[in-house]
Amino acid sequence: MPSPAPHDRLPLAFGGDYNPEQWPQEVWEEDVRLMREAGVTAVSLGVFSWARMEPRPGEYDWEWLDTVMGLLHASGISVNLGTPTVVPPAWFYRAHPDALPVTREGVRLAFGSRGAICHSNPAYRSAAATITRALAERYGSHPAVVLWHVHNEYGAPVLACYCDVCAAAFRGWLRERHDTLDALNHAWGTAFWGQQYGDWEEITPPRATPSVCNPTQQLDYHRFADAQARANFVAERDILHRLSPGVPVTTNFMVAPSQGQTVDYWAWAKEVDLVTNDHYLMTDGRRTHVNLALAADLTRSVAGGGPWLLLEHATSGVNWQPYNPAKRPGEMARNSLGHVARGSEGAMFFQWRQSQSGAEKFHTAMLANSGTDNRGWREVTDLGKRVADLAELRGTRTRGDVAMVWSWDSWWAQSLEWRPSQDLDARERLDSFYEALYDRHLTVDFLPPTGLSDLDPERYPLLVVPQLYAAPVGVGADLERYVSRGGTLLVSFFSGIVDENDTLHPGAYPGALRDVLGLTVEEFDPLLPGETVNVRGADGSLYAADLWSEVVVPGEGCETVAAFADGRTAGGPALTRYALGSGASWYLATRLTGADLAAVVDLALADAGITPVDLPRDVELVVREGESGTFRFAVNHTGGEVKVVLPDGSRAAVPPGGVEVFRDPR
């Protein structure tokens with residue numbers, strides 16, 4: 001079981017990944033001196049150091065790590081000590097080449113990168129447990145260690161392996177999940193295309209097939225691969241709990257959907273003592289600060305609304321995207337404090353000192369290769385002071401205004417082949433609806449579809465479902481209860497369609513959500529690339545839609561608010577409202593974006609009785625509150641000064657590109 005209250009031992013963290021093994025010993029003392037100058041309070045240590053810790057099987061070299069730990073502790077810098085199990089040494093792979101993962105196409109990947117791991121391999125599992133045990137025995141009671149960091153970024157760059165060892169483990173996992181072959185055949189729909197199994201040994205991973213592989217087999221393999229990696233984390237965590245009692249254990253998540261799809265973080269969050277996250281700005285043409293806010297809100301939600309920690313982000317440009325622009329002056333602090341506003345107990349970076357060799361030598365760091373006479377260092381030291389000044393808000397919680405449903409499991413299912421349109425994209429709908437709420441200056445709490453049974457409409461007057469293709473049995477009844485008690489529900493198309501086995505819910509679309517929305521969908525009619533349709537509101541307003549249309553049949557009491565004005569579904573409902581009990585459900589049957597989608601969100605907000613804060617676009621106002629007080633973060637992403645109104649009616653200035661934190665008077 002997780003250790004109690006991890007934030008009780010942790011300072012408000014400021015620092016980054018420290019990799020002293022890349023440098024000669026004479027650099028270490030300079031590093032620690034400069035860390036003190038920058039206001040560093042914590043570093044992550046040892047994450048990639050297995051080959052240095054154990055240069056030969058069973059032969060350990062602790063002297064260097066003892067020295068570094070001693071230097072850090074003497075300077076008051078806490079350590080997040082890593083188990084280096086993401087990078088087994090070359091000698092391990094020489095002895096156990098079968099521990100390297102195999103692709104769907106049967107290609108065994110080679111050593112020479114990171115994360116080349118078959119999570120089912122017994123030799124890897126044994127070696128990982130051994131190095132973890134050795135670390136914990138040596139440093140489990142070291143006074144510098146305030147947090148354990150298992151592995152690194154599970155799922156990056158690869159999570160699933162398709163080797164024969166995994167095939168056997170998959171069959172065992174399937175026996176636990178489905179119990180009998182009859183149940184598995186039913187869940188997988190193997191009657192289609194004559195895929196029935198008569199013996200467990202006939203089942204393999206979803207390797208490369210002539211045509212589309214069974215979708216439920218693929219979905220279960222996603223779950224299996226995630227579960228195998230999570231089991232390895234739990235094995236290391238339990239060793240650390242036993243040998244280093246009272247010290248919390250984490251692993252760094254990558255919660256933002258922009259950075260990965262392989263891990264179900266709702267499940268992983270139950271296993272860590274403290275949720276930590278890595279986030280990097282994606283230079284894909286989107287508003288990067290909106291993606292940052294989404295990632296922070298989603299991470300906080302995965303953490304159950306409690307404290308979490310930003311364990312990695314970049315001081316400026318990264319190295320692994322096609323294009324890696326530098327951050328503008330002040331952007332690093334704005335990014336860091338934006339995470340703190342949304343619940344992080346500090347701001348950590350990858351990494352402390354810029355590497356001079358290897359794959360990430362162009363990744364920026366707190367201490368650049370050019371030294372300290374540069375803008376980056378001045379901004380780092382200024383940020384260290386600001387983080388220290390915010391120590392009082394430790395343990396406070398960010399206040400959410402509205403809620404949104406998100407499911408990695410549904411995203412996996414929807415992303416499989418042969419859907420009505422290959423351009424269906426759950427992440428795109430998530431981003432678009434989130435951006436509309438962000439532009440109304442609302443803070444979003446996310447919920448899994450299995451966590452809606454007791455949803456309180458007073459706590460969350462509006463609940464948005466941007467796309468929930470795979471809806472568990474029972475979610476419809478949960479949402480009916482929420483709406484009937486006064487909640488406002490806004491659902492986008494292609495939601496409620498299948499159950500957890502990717503099997504259509506009985507009856508007409510939208511399956512599990514049919515009753516709560518008060519309508520049926522007779523037929524999907526996705527639009528072709530470049531094809532658009534117009535949607536006309538009852539007030540005459542016109543919206544441009546693309547990607548999707550469908551034939552909606554409203555039931556009794558379901559009102560058509562906007563209709564398709566042209567196209568194959570012309571005259572049919574595109575936006576509906578269904579009054580249910582004390583609340584109402586809205587359904588959007590096409591894809592709107594930008595201002596058009598925002599107009600629909602505004603209708604739902606008004607129905608929910610929510611009046612957005614009056615602020616300029618790209619200005620955030622986020623509240624953290626707790627026993628130590630109420631703190632209001634005003635984050636200005638614009639090039640001009642803005643004024644925010646405080647609870648006492650006064651107007652406070654926020655400089656261009658700046659962040660101000662206002663504390664409510666007690």
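**Entry 1**

I began with arginine 568 and aspartate 525, whose side chains meet in a salt bridge at 2.8 Å, N to O. I noted that this is a predicted model. Arginine 568 sits in the loop between strand 19 (558-564) and strand 20 (573-580), and aspartate 525 in the loop between strand 15 (519-524) and strand 16 (532-537), so the pair ties together parts that are 43 residues apart in sequence.

Next I looked up accessibility. Arginine 568 has 52% relative accessibility and counts as exposed, because the exposed class starts over 50%. Aspartate 525 has 17% and counts as buried, because buried means under 20%.

I then followed shared partners. One network of salt bridges joins Asp297, Arg300, Arg342, Asp445, Arg459 and Glu620.

How many salt bridges does a search of the whole structure find? I got 40. I picked two more of them to inspect.

Are aspartate 409 and arginine 223 buried or exposed? I found both residues buried.

I placed glutamate 625 in strand 22 (residues 619-626) and arginine 399 in the loop between strand 10 (397-398) and strand 11 (402-405), so the pair ties together parts that are 226 residues apart in sequence. Glutamate 625 is partly exposed at 30% relative accessibility. Arginine 399 is partly exposed too, with a relative accessible area of 32%.

**Entry 1: aromatic pairs**

I moved on to the rings. The count comes to 34 aromatic pairs. I checked the geometry of two.

For tyrosine 280 and tryptophan 320, I read 5.8 Å between ring centres and 90 degrees between planes, so the pair is edge-to-face. Where do the two residues sit? Tyrosine 280 is in the loop between strand 7 (276-278) and helix 10 (288-302). Tryptophan 320 is in the loop between strand 8 (308-312) and helix 11 (331-341). The pair links distant parts of the chain, 40 residues apart. Tyrosine 280 is buried at 5% relative accessibility, whereas tryptophan 320 is partly exposed at 39%.

Phenylalanine 493 and tryptophan 548 were next. I logged this pair as stacked, with 5.4 Å centre to centre and 15 degrees between the planes. Phenylalanine 493 lies in the loop between strand 14 (488-492) and helix 16 (514-517). Tryptophan 548 lies in the loop between strand 17 (542-546) and strand 18 (550-554). Again distant parts of the chain are linked, here 55 residues apart. Phenylalanine 493 is buried at 0% relative accessibility. Tryptophan 548 is also buried, with a relative accessible area of 0%.

**Entry 2: a cluster and a charge over a ring**

Which residues form one aromatic cluster? I listed Tyr162, Phe170, Trp173, Trp188, Tyr197, Tyr221 and Phe224.

Last, I looked at a charge over a ring. Arginine 353 lies over the face of tryptophan 23, at 5.1 Å from the ring centre.

Key:
Residues are numbered from 1 along each chain as its sequence is written. This is a predicted model: local features need pLDDT of at least 70, side-chain atom pairs count only at pLDDT 80 or more; totals for chains, interfaces and linings use all residues. Side-chain values use heavy atoms; hydrogens and water are left out. A salt bridge is a side-chain nitrogen of Lys or Arg within 4 Å of a carboxyl oxygen of Asp or Glu. Buried means under 20% relative accessible area, exposed over 50%, partly exposed in between (1.4 Å probe, protein chains only). Helices (H or I, at least four residues) and strands (E, at least two) are DSSP runs, numbered from the N terminus. Rings of Phe, Tyr and Trp (its six-membered ring) pair if their centres lie within 6.5 Å; planes under 30 degrees apart count as stacked, over 60 as edge-to-face and the rest as tilted. A charge sits over a ring if NZ of Lys or CZ of Arg is within 6 Å of the ring centre and within 35 degrees of the ring normal.
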